[in-house]
Amino acid sequence: MRSMAGRITLFEKMYALWLREFKVFLRERSRLVASTFTPLLWLFVIGIGFGSVAMLPGGESVGYQKFIFPGIVCMSVIFTSIFFGSYIIWDRKFDFLKSVMVAPVSRGTIFVGKALGGMTSSLIQAAILLCVGALIGIPYSFVGVIEATVIVILLSFTLTSLGLALGSYMQSLEGFQMIASFVVFPLFFLSGALFPLDKLPAWLSILTSIDPATYAVSAMRSALLGVGDRPFEVDILILLGFTIILGAAGIFSFKRMKAV
Amino acid sequence: MIKIRNLTKKYENLLAVDNVNLEIGKNEVFGLLGPNGAGKTTVIHMLATLLKPSSGTAIVNGYDIISQPAKVRASIGIVFQTPSSDDMLTGYENLKIHAFLYGVPSFEREKRIQSVLDLVGLGERQHDQVKKYSGGMRRRLEIARGLLHEPTVMFLDEPTLGLDPSSRGMMWDYIKKLVKEKEVTLILTTHYMEEADHLCNRIGIIDEGRVIALDTPSNLKKSIGGDIVKLRPKSFPDLESLRKLIYIRRIELVEGEIMMYVDNARENIPDILRHVDADSVEFRSPDLNDVFIKLASKTIKEQGEGGYMERYAQYGR
């Protein structure tokens with residue numbers, strides 16, 4: 001059994017790795033601005049543009065722009081989290097990773113520290129978007145905001161894990177960008193962020209059901225608008241399942257990653 | 001401190017490290033000298049547990065690099081060939097993160113960080129982002145980081161690669177200061193023979209993955225035998241008469257010049273000139289490059305700085 005002191009050191013190591021990610025995030029303002037801009041573009045251009053023609057079944061009560069808002073929050077998490085995987089390639093190129101790997105720190109700890117850093121970036125961006133949501137009249141409740149936070153935490157950890165796992169296998173940033181695009185767009189489009197999923201043909205329904213973002217979008221709609229596809233608790237449990245599976249995959253891929 | 005046993009690293013079609021055996025004692029400053037691609041860095045990476053040997057092993061600080069990698073890592077410090085600090089962070093922040101990673105106890109953390117910063121002369125610039133540091137300062141920060149957890153063995157992989165001569169000189173001073181002030185065994189790799197000569201008390205010369213010589217710098221140079229005399233003859237010399245001179249140990253013809261290993265050159269040159277009619281004569285004491293040339297029949301190239309600057313230019317963010 002691990003001693004108390006050992007456990008404290010373990011958390012300190014994770015904290016140190018997280019702190020580094022957080023400081024870098026704070027200093028790279030352009031990264032924050034660029035990645036907040038795209039979701040806003042979707043929210044206001046697609047939201048208003050399609051909103052003028054799209055008719056949701058019984059959707060008069062919500063309106064298209066508000067309907068896609070939870071999906072756009074999830075979208076920002078999807079993009080930020082998956083592309084966060086590129087930072088493991090940066091770390092390797094700059095040899096920072098080597099200096100961490102030569103320290104007495106387990107690969108699992110390195111992975112969790114890094115993933116927590118990615119999660120923090122996503123949380124900050126989601127918070128900005130939630131503020132924007134107030135402007136378009138999303139009816140926030142205290143519980144709804146707490147629930148949204150939980151969803152962002154789970155989804156971002158899940159997808160940061162996936163991004164980091166992909167990054168750990170890739171040698172070049174260009175290669176990563178390619179692969180990440182292949183992952184990001186299906187995750188986003190199949191999640192139901194932009195359209196309701198209940199009228200889809202069976203083959204498409206199967207694809208949407210294996211997308212972790214589907215459950216995050218539905219849960220987010222429950223939390224913010226009260227119109228999820230499933231009960232909130234069910235979505236959260238399924239999402240948690242994805243978190244565990246992809247988190248484990250991330251740790252595994254860090255363990256097999258070569259140091260030099 | 002370090003016992004290397006039959007250490008070997010094979011890549012698909014390359015034997016990078018070929019059955020190396022070495023023992024390095026406590027508080028030694030040991031140099032691995034060899035040209036680029038000789039296998040120096042591969043040896044260091046294996047000793048630091050970043051790379052698994054194909055066969056053989058090593059004991060570092062009493063721990064086996066294969067079966068006890070975590071214990072090895074906790075007891076060593078390493079400065080990589082390319083600086084590995086995060087340049088978005090300040091020098092101080094980089095050290096703080098590593099103090100956490102090495103489990104430096106909280107009551108010691110601040111004191112240690114300031115003491116290693118002082119040692120490498122970065123105290124005043126500690127709150128600047130590393131991207132504002134010069135190449136030499138980055139290297140010194142790496143040394144500071146390597147010392148944070150007070151390791152008993154420290155590896156320096158090409159510590160002055162890519163530095164200009166004045167920064168190199170400064171780096172040497174810091175390394176010497178480190179040896180004087182800390183109880184630490186230093187293993188450094190270099191392809192600069194003067195660096196090995198200047199800093200190390202024992203040198204292993206490595207070429208194509210094999211250690212081809214192992215001794216103190218002065219013994220290595222003595223093994224050359226005598227001084228090196230080069231002269232440019234006016235006409236083709238009478239080599240037979242030169243070979244009869246007992247103080248000449250070896251004669252080589254290199255690009256129209258005669259190179260001789262001569263005992264006590266200062267006194268014997270006039271006599272040599274009686275046998276050869278020469279345009280010019282020079283002589284010098286042998287250096288480690290001569291040792292390398294003699295053993296490997298090629299020279300340690302000084303150019304081709306291992307790609308650090310190229311990589312740096314390519315990925316600057």
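# Report on helix packing and buried residues

Of the 317 residues in chain B, 55% are buried, where buried means under 20% relative accessible area, exposed over 50%, and partly exposed in between, with a 1.4 Å probe and protein chains only. The structure is a predicted model, in which local features need pLDDT of at least 70 and side-chain atom pairs count only at pLDDT 80 or more, while totals for chains, interfaces and linings use all residues. Residues are numbered from 1 along each chain as its sequence is written, chains are lettered from A and ligands numbered from 1 in the order in which they are written, and side-chain values use heavy atoms, with hydrogens and water left out.

## Chain B as a whole

Chain B contains 12 helices and 14 strands; helices (H or I, at least four residues) and strands (E, at least two) are DSSP runs, numbered from the N terminus. The C-alpha trace of chain B spans about 75 × 45 × 40 Å along its principal axes. Contact means heavy atoms within 4.5 Å. Among contacts in chain B between residues at least 6 apart in sequence, 68% link residues at least 24 apart.

## Two helix pairs

Two packed helices are described by the angle between their axes and the distance between the axes. Axes are lines fitted to C-alpha atoms, for helices over the stretch in contact, and angles run from 0 to 180 degrees between N-to-C directions.

| Helix pair | Angle | Axis distance |
|---|---|---|
| α3(A) (residues 64-84) and α10(A) (residues 212-224) | about 135° | 9 Å |
| α5(B) (residues 135-147) and α6(B) (residues 165-181) | about 15° | 11 Å |

The angle of about 135° makes α3(A) oblique to α10(A). By contrast, α5(B) and α6(B) are roughly parallel to each other. Angles under 35 degrees count as roughly parallel, over 145 as roughly antiparallel, 65 to 115 as roughly perpendicular and the rest as oblique.

In the pair from chain A, residues of α3(A) including A:F67, A:I68 and A:V73 meet residues of α10(A), among them A:A213, A:V217 and A:R221. The residues of this contact of α3(A) with α10(A) comprise 12 nonpolar, 1 polar and 1 charged. Here Ala, Val, Leu, Ile, Met, Phe, Trp, Tyr, Cys and Pro count as nonpolar, Asp, Glu, Lys and Arg as charged, and the others, Gly among them, as polar.

In the pair from chain B, B:R139, B:R140, B:I143 and B:L147 of α5(B) meet B:M170, B:M171, B:Y174, B:I175 and B:L178 of α6(B). The residues of the contact of α5(B) with α6(B) divide into 7 nonpolar, no polar and 2 charged.

## Individual residues in chain B

B:H149 occupies the loop between α5 and β7 (153-157) of chain B. B:H149 counts as buried because its relative accessibility is 11%. A polar atom of the side chain of B:H149 lies 2.6 Å from the backbone oxygen of B:I76. Not counting residues up to four places away in sequence, B:H149 touches B:A74, B:I76, B:G77, B:Y102, B:V104 and B:R112.

B:E195 belongs to helix α7 (residues 193-199) of chain B and is buried, with a relative accessible area of 0%. The side chains of B:E195 and B:W172 are joined by a polar contact of 2.9 Å; a polar contact is a pair of N or O atoms within 3.5 Å, and within protein one must be able to donate a hydrogen and the other to accept it, while residues adjacent in sequence count only if both atoms are side-chain atoms.

In helix α11 (residues 288-296) of chain B, the buried residues include B:L288, B:V291 and B:F292. At the start of α11(B), a side-chain oxygen of B:D287 comes to within 3.0 Å of the backbone nitrogen of B:N289.
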